[in-house]
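Subject: The structure to look through

Hi,

Here is the structure I said I would pass on. Have a look at it first, then read my notes below.

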Amino acid sequence: MIKHIKGVFIAVIIVICFHSSGLALTNEEVFSQFQFNFITPGARATGLGGAFIGLADDATAVESNPAGLTQLYDAEVSIEYKYITYTAEQIYENFPPPGSDYAGDITKRKFDDSVQSIPFVSVAFPYKRFVFSLYRQELVNYKSSYRTSQAPIAIPGYSYFDGAWFYPIDASTDLTVTNYGIGIGVQPIEGFSVAVSPRWSEMEMQSRSERYRASSDFTDYFPYITDFSEDQIVNQTEINDNDGEFSVNAGLMWRLKWLEEKFHIPRASIGGVYRSGPKFKVTEFFSRAFIPDTWSELSDLT
């Protein structure tokens, strides 16, 4: 019994240690509400969350825990459809109150974008103590776009004439990360399985942020608003790039039959997963037009 307890303890430590993390830093407005949505393939896996790592008994296991594929007795195909809506809340405007030169409270607005696709397809072929799998997975499929009001957005508490404001923005981003991989698993001894899943990850990204200077159109609160025409662009940033890299997903699974027999549990198993995430590099282009330094210069332009 003590030996079994030691084994369980070691397996738990392995599960805790096998993790990965990601870091990112940007000050682009279009990325301020960026949403990663790493949903585990399969409805059952999503419902169970991380608990599926210890179960992993269908064709989606090649991503959740490839060691679970050894539990399949027949060939299995898994296909998934996804429809998801992304909502980004962005700063929209803050016109000064009537009769005041100072900016009012910032108003935010929600912008919705939707994505529908076939994010996961896999085929698994068991053979004796081995199992082989092929799969394609959309790890990320994200879209977002928004446009502020036509007037510059002033920092609350400051006057527009203090120059403490931001240009109106029209921005969008479209990012996809797709994995293409194979899974190979084996059950060397009864109840214990190990597997590895090497994969090729492809990233494609299109993103743009355009900032516009004011025009001479007049409103009640602010006389300099943009019409978002091309000749009103002050500066713009653009990403149109792709990259690829190999990564690996490995797992193990241990069926605790002694625990099932002792406590009459229908099924008891634990699993561990190691994932090495890919790293991508993209190039961002920045172009700058003439930026007026004072309101008199801006008036001369309109």
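**What I found**

The protein chain has 5 helices and 10 strands; both are DSSP runs numbered from the N terminus, with at least four residues of H or I for a helix and at least two of E for a strand. Keep in mind that this is a predicted model, in which local features need pLDDT of at least 70, side-chain atom pairs count only at pLDDT 80 or more, and totals for chains, interfaces and linings use all residues. Residues are numbered from 1 along each chain as its sequence is written, and side-chain values use heavy atoms, with hydrogens and water left out.

**The chain overall**

Of the 302 residues in the protein chain, 40% are buried. Buried means under 20% relative accessible area, exposed means over 50%, and partly exposed is in between (1.4 Å probe, protein chains only). Take the contacts (heavy atoms within 4.5 Å) between residues at least 6 apart in sequence: 69% of them join residues at least 24 apart.

**The inside**

Nonpolar side chains tend to be buried together in soluble globular proteins. A nonpolar core here is a set of buried Ala, Val, Leu, Ile, Met, Phe, Trp, Tyr and Cys residues joined through side-chain atoms within 4.5 Å. Which residues touch the most other members of the largest nonpolar core? They are Leu 175 and Met 205, in a core of 17 residues. Strands S1 (76-93), S2, S3, S6 and S7 each give two or more residues to this core, and S6 gives the most, with 4 residues. Apart from this core lies another of 15 residues, including Phe 52 and Tyr 135.

Is Glu 210 buried or exposed? Glu 210 counts as buried because its relative accessibility is 15%. You'll find Glu 210 in strand S7 (residues 192-212), and its side chain makes a polar contact with the side chain of Tyr 212 at 2.6 Å. A polar contact is a pair of N or O atoms within 3.5 Å; within protein, one must be able to donate a hydrogen and the other to accept it, and residues adjacent in sequence count only if both atoms are side-chain atoms.

Now try Tyr 81, which sits in strand S1. Tyr 81 is exposed because its relative accessible area is 51%. Tyr 81 and Gln 116 are 35 residues apart in sequence, yet their C-alpha atoms are 7.5 Å apart in space. Their side chains make a polar contact at 2.7 Å.

**Two loop residues with positive phi**

Most residues other than glycine have a negative phi. Lys 128, in the loop between S2 and S3, has a positive phi near 55°. Phe 228 also has a positive phi, near 60°, and lies in the loop between S7 and strand S8 (233-255). How do they sit relative to the surface? Lys 128 counts as exposed, because its relative accessibility is 75%, whereas Phe 228 is buried because its relative accessible area is 14%.

Happy browsing!
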